Amino acid sequence: MKLFMGLCFLPVLFIIYFSMIYSAKNKPNFLFGVSCVNDYFTKNELNGYFKTYKRELNIWLLILTLLFCALFLIPKDYIFISVLLLWLLPAMFCFFIPYIRGFLAVSKEKQARLGEISEAAMATPVDLNAVGVTYQTGLMKYGWIGTLLGCVPVILATPVPMDTDSRIVYDLMFISLVLINGLFLFLMYWLENRSTKVISSKTEENIAYTKIEVCEWSKLLNQLIWLTSIYSICLFGVLIYEDLFWGLTLSSILYCVLLCYCMIGSLLRIRDQQNHFQVSAPYSVDDDRYWILGMFYYNKNDSHFMVSRRDGLGFTINFAKTSGKFLSIVMLIIILGSTIGCSIWVLMEGIYRPTITLEQNNVVATHISQEYEIPIASIEEVSLLDALPKARKDIGSAMDELYKGKFRISGMGRCNVLLNPTTHAYIVIETTDGTCYILNEDSMSDTLSIYYELEEMVE
C-alpha cells in the first residue's frame, strides 16, 4: 500500500517543480508575471534572477523529497496515508515561495527604475477596429458529439445488475466524466465567443493572434472531450468484465498519459505562437497593478470573467468579479474539504476495528457503520480458515490491518470482505444466492467464539 501511494504521489512533486520553472519565464518580456522586464533589465540581470529562483526551487524539491521519504518510517498504513494527504497541500505551496520572492524582487526593482513617466506612457492602447471581433473554429459541433458520446455509458450502465457499492462507484465516475466534458465544452464556447485580444496597435496582428489562439485551444479542448468520452466507454467495458481494480487502474493510467501528451503538445504549440507575436509587439497591454503576485488577476474595470494567464499557459478568473470570488471560494472549500475529509476518513478506517454480532437471526458485520447484514436463514455453509488465500482488491480498503470491500480471493472468486488480515482466523459464509463473505474480529478468540456459535445456529 505504501509503495503504491508513493508511486502515485511522488511524481506530483516533479510535475509541480517543472511547471513552476516553466511558469516563471514562459513568455518574452515577462518574468515572474512582471511585464516589460526587457525594457528595464539587462539579459544578464534577468538570467541572474531566474538562476536564483531555480536554485531555491531545487532546494525545496530536495527538502520535500526527503520529507516524503521520511513518511515511510510511519509504521501504520492508515496514519501514513492520512499524513500523506495532509502533506501534499503545504508541499505544493512551498514551491510558490521562490516564485513570490522572485516576483517581489523583480517588481520592486522595476518600480525603482521606472521613475516618473507620463500619463500617455501609462495609457493602454486599444485597437478599436478589432474590438468585438470573434473567431469561430467550427469545432463546437464535434465537441457536442463527443460530449453526448460520453453520456452513453451512463445510460447503458443503468440496467446492468450490480451491488450497491459498485453502483455508487460507477455512477460517481460516469457522472464526474460527463461534468468534466461539460466544463470543456463551456470553455470551448467561451473561447469562440470572446472578443479579440489586443497585443499590438496593428488590427491584422491582433485578429491573427486571436484566431491562432482560439483555434489551438479549441483543438485541445476537443481532444480532451473525445479522450474523456473514450475513457468513459472503457470504464463501461470494465464494468461488464467485472475486473474493477486492474481495468480501472490500467485504463486510468492510459487516460492520464494521453491527457498529458495532448496537453503538452498543444501548450507547446501555443507557446511558440505566443512567442512569435509577442516579440513583434512593441508593448504589453497588461497592467502590473491588476496582477497580484503576477498570478491572480483583479480588475474591477474589466468585464471579462476569464483572462489569459501571465505566469503560464491557459486562463485564470477575474477575482474582482462576484462570480470569480464565488468560484474561488467554492474551489477552495472543495480542495480543503476533500483533502482534510479524506485524511480524517482514512484515520477512522484504521482506528475502528471490524466487529461481528449475532442479533435477531442475522449476522451483522460492522466497521465504522454497518457493512453487512446476513440473514442466518439464507446461509448455506459456514467454514473457518486459518490462512487467507491470495486477495486482490476491487473496491474498498486494503491496509495492513484492514481489508474491507469487494475482493477477488484466489480459489473463491469475488467476496465481500471485512477483516483484519493479521488475525489468523477467518469466517467464510456462503449464502443460497451464491454470495460469499469473509469476516473476522480483531481478536482470534472472539472470532472463534462467533464461528462456533454461528455454526450451531446454521446446523
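Which residues in helix 3 meet which residues in helix 10? In this predicted model, Tyr78, Ile79, Ile81, Ser82, Leu85, Leu86 and Leu89 are the residues that helix 3 brings to the contact, and they meet Ile335, Leu336, Thr339, Ile340, Cys342, Ser343, Val346, Leu347, Gly350 and Ile351 in helix 10. When sorted by residue type, the residues of this contact divide into 13 nonpolar, four polar and no charged. Two packed helices are described by the angle between their axes and the distance between the axes. For helix 3 and helix 10, the latter spanning residues 322-351, the angle is about 170 degrees and the axes are 8 Å apart. Because angles over 145 degrees count as roughly antiparallel, helix 3 and helix 10 are described as roughly antiparallel to each other.

Helix 3, which comprises residues 77-94, also packs against helix 2, which comprises residues 43-71, and the axes of these two helices come within 11 Å and cross at roughly 175 degrees. This crossing angle makes helix 2 roughly antiparallel to helix 3. On the side of helix 2 the contact is made by Trp60, Leu64, Leu67, Phe68 and Leu71, while on the side of helix 3 it is made by Phe80, Val83, Leu84, Trp87, Ala91 and Cys94. The residues of the contact of helix 2 with helix 3 divide into 11 nonpolar, no polar and no charged.

The protein as a whole contains 11 helices and 15 strands. Of its 459 residues, 43% are buried. Among contacts in the protein with a separation of 6 or more, 62% are accounted for by residues 24 or more positions apart. The accessible surface of the protein comes to about 24000 Å², and carbon and sulfur atoms account for 65% of that surface.

Ile180 is found in helix 7, which covers residues 164-191, and with a relative accessible area of 32% it is partly exposed, since partly exposed residues fall between the 20% limit for buried and the 50% limit for exposed. Ile180 and Ile225 are 45 residues apart in sequence, and their C-alpha atoms are 8.2 Å apart in space. Tyr231, in turn, lies in helix 8, made up of residues 203-241, and its relative accessible area of 10% means that Tyr231 is buried. Between Tyr231 and Phe174 there are 57 residues of separation in sequence and 9.7 Å in space, taken from C-alpha to C-alpha.

A further buried position is Ser397, which lies in strand 11, formed by residues 391-399, and which counts as buried because its relative accessibility is 8%. The side chain of Ser397 is joined to that of Glu349 by a polar contact of 2.5 Å. When residues up to four places away in sequence are not counted, Ser397 touches Trp345, Glu349, Leu402, Tyr403, Lys404 and Phe407.

Definitions and conventions: Residues numbered from 1 in each chain as written. Predicted model: local features only at pLDDT ≥ 70, side-chain atom pairs only at ≥ 80, totals over all residues. Heavy atoms only, no water. Helix = DSSP H or I, 4+ residues; strand = E, 2+ residues; numbered from the N terminus. Buried < 20%, exposed > 50% of the residue type's maximum accessible area, 1.4 Å probe, protein only. Polar contact = N/O pair within 3.5 Å; in protein donor to acceptor, adjacent residues only side chain to side chain. Contact = heavy atoms within 4.5 Å. Axes fitted to C-alpha atoms, helices over the stretch in contact; angles between N-to-C directions. Parallel < 35°, antiparallel > 145°, perpendicular 65-115°, else oblique. Nonpolar A, V, L, I, M, F, W, Y, C, P; charged D, E, K, R; others polar. Areas by Shrake-Rupley, 256 points an atom, 1.4 Å probe, with all protein chains shown as cover.
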